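Hi,

Here is the structure I promised to pass on. Have a look at it first, and then read my notes below.

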Amino acid sequence: MDEIFVWFAERITASGGVVPAFIDYFAVVVGVVTGAMFACDRKLDIVGTTVCGLLTAYGGGILRDFLLQDEGVYFMSHPYLFLLCVGLCFFVFYFRGLFHHLPSLIFLCDTLSVALYAVAGASKAFDCGSGVVMSVVLGAIVGVGGGAIRDSFVGEVPGIFKSSNYYAVAAIGGSFVYVTFVAFGVDAALAATLCVVAVLVLRYASVYFDWRTGDDPVDLTPYVSRPLVRLAYVVRALFLGGGKKERRRRVRKLKMRRSYGDEGAKDSDGALRAGEDAAPGSSSASGDTLKYMR
C-alpha cells in the first residue's frame with residue numbers, strides 16, 4: 001500500500017508557486033466538468049464535449065505557461081490527469097441528467113474553479129519573478145482564459161466580453177488580493193485562502209445585487225469638448241486676432257449651415273465677410289447681407 005501512495009505522489013506535482021498539488025488537480029477537474037456541461041447544453045457530440053472540457057480545464061494554464069516560458073507546460077506534464085479529464089468528459093456526456101439537477105452546485109464549482117485558477121496563475125507568476133502587475137494579469141488570464149477559448153471555439157462571443165455578472169472582475173480581484181498580501185510578506189497559504197474568498201464574495205455579490213459590467217457606457221466626449229472649444233476661442237482671441245466679433249460670425253455661419261446646408265453656409269460666409277469688410281456707411285454691402293440673412 002505504501003508503494004502505491006509513493007508512486008501516486010511522485011506523479012502529482014504542483015504547477016509552480018505555492019499551490020498544493022491537490023488544489024491544482026481539483027481546479028482542473030472542476031474546469032473539465034463545467035466545460036463538458038457547457039458542450040452538452042449546446043448539443044455537441046462526444047468529441048465536442050471532450051474538446052470543450054479540455055479547453056476549459058487547460059486553456060488558461062497553457063496560456064500562462066507559454067507566457068512565462070519557465071517550467072514547461074503543465075498540460076504536457078500530467079498524462080494521468082489528462083486521462084482522468086477525458087473520462088470525466090465521457091461521464092458527463094452520457095450522464096448529463098445528473099448534473100442538470102444540481103445548478104447551485106455547478107455554479108459553486110464554477111466559481112471555485114475560477115478562484116483556484118486565479119491562485120494557480122498568480123502564485124506561479126509571482127514565484128517566477130513576474131512582478132505585481134503581471135502576476136495579477138496572469139492570474140486573471142488563468143482564471144477566465146479557458147472559458148474564453150472554449151466560447152471562441154464554439155463560435156460565441158466569450159462571456160467575459162459581454163455584459164454579465166462579475167466573472168473576469170472576480171478573477172482580477174482575487175489575483176490582486178493574493179499578490180498584494182504576498183508582496184507585503186503575508187503567508188502564501190493565507191493569501192491563497194483570501195484570494196478564494198475574494199472571488200467567491202465578488203461573484204456571489206454580483207449575482208445577488210445584480211451587479212453587471214455595463215455594455216452601454218456614458219460618452220464623456222461632450223463634457224470634454226465644451227471647455228476645449230471655449231479655450232480655443234480664448235486662444236484665437238489672444239494670439240490670432242479673433243474675439244467676440246469672430247465668434248459671432250462663426251455662430252451665424254453655423255446657424256446658416258443648419259438652415260440651408262453646406263452650400264448656403266459657404267455663400268453666407270462670403271456675404272458675412274463682405275458685410276464685415278464694408279464701411280459702416282456702405283448700404284449695398286450691408287443691404288445684401290441683410291437680404292440674404294432674411
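Before the tour, a word on naming: helices (H or I, at least four residues) and strands (E, at least two) are DSSP runs, numbered from the N terminus. This is a predicted model, where local features need pLDDT of at least 70 and side-chain atom pairs count only at pLDDT 80 or more, while totals for chains, interfaces and linings use all residues. Residues are numbered from 1 along each chain as its sequence is written, and side-chain values use heavy atoms, with hydrogens and water left out.

**The fold**

The protein chain has 12 helices and zero strands. Of its 294 residues, 36% count as buried. Buried here means under 20% relative accessible area, exposed means over 50%, and partly exposed is in between (1.4 Å probe, protein chains only).

**The core**

In soluble globular proteins, nonpolar side chains tend to be buried together. By nonpolar core I mean a set of buried Ala, Val, Leu, Ile, Met, Phe, Trp, Tyr and Cys residues joined through side-chain atoms within 4.5 Å. The largest one here has 42 residues, and those that touch the most other members are Val28, Tyr58, Leu81, Cys85, Val92 and Tyr178. Helices that each supply at least two residues of this core include α2 (21-41), α3 (46-68), α4 (79-94) and α8 (168-183). The largest share, eight residues, comes from α2.

**Pocket and cavities**

On a 1 Å grid over the protein atoms alone, a cavity is a set of points where a 1.4 Å probe fits but cannot get out, and a pocket is an open set with protein on both sides within 12 Å along at least five of seven lines; lining residues have an atom within 4 Å of a point. Grid points are joined across faces, edges and corners, and a volume is the space filled by probe spheres set on the points.

The largest pocket holds about 680 Å³ of space. It is lined by 26 residues, of which Phe38, Asp110, Arg150, Tyr167 and Arg203 are the closest to its centre. Two or more lining residues come from each of α2, α5 (96-100), α6, α7 and α9. The largest share, five residues, comes from α7.

There are also two cavities of 30 Å³ or more. About 110 Å³ of space lies in the largest cavity. Its lining has 17 residues, and closest to the centre are Thr56, Ser113, Gly143, Gly147 and Tyr167. At least two lining residues come from each of α3, α6 and α7, and α7 gives the most, with seven residues.

**Rings and charges**

Rings of Phe, Tyr and Trp (its six-membered ring) pair if their centres lie within 6.5 Å; planes under 30 degrees apart count as stacked, over 60 as edge-to-face and the rest as tilted. A search of the whole structure turns up seven aromatic pairs. One of them is Phe209 with Trp211, which is stacked at 5.1 Å centre to centre with 15° between the planes. Trp211 is partly exposed, at 37% relative accessible area. Ring pairs also tie Tyr166, Tyr208, Phe209 and Trp211 into a cluster.

A charge sits over a ring if NZ of Lys or CZ of Arg is within 6 Å of the ring centre and within 35 degrees of the ring normal. Arg150 does this over the face of Phe38, 4.0 Å from the ring centre. The charged end of Arg96 sits over the ring of Phe93, at 4.7 Å from its centre. Phe93 belongs to helix α4 and is buried, with a relative accessible area of 15%.

**Cysteines**

**Two backbone spots**

Most residues other than glycine have a negative phi, and most peptide bonds are trans. Lys43 has a positive phi, near 60°; this residue lies in the loop between α2 and α3 and counts as exposed, at 68% relative accessibility. Asp210 also has a positive phi, near 55°. Asp210 is in the loop between α9 and α10 (221-239) and is partly exposed, at 47%.

Cheers
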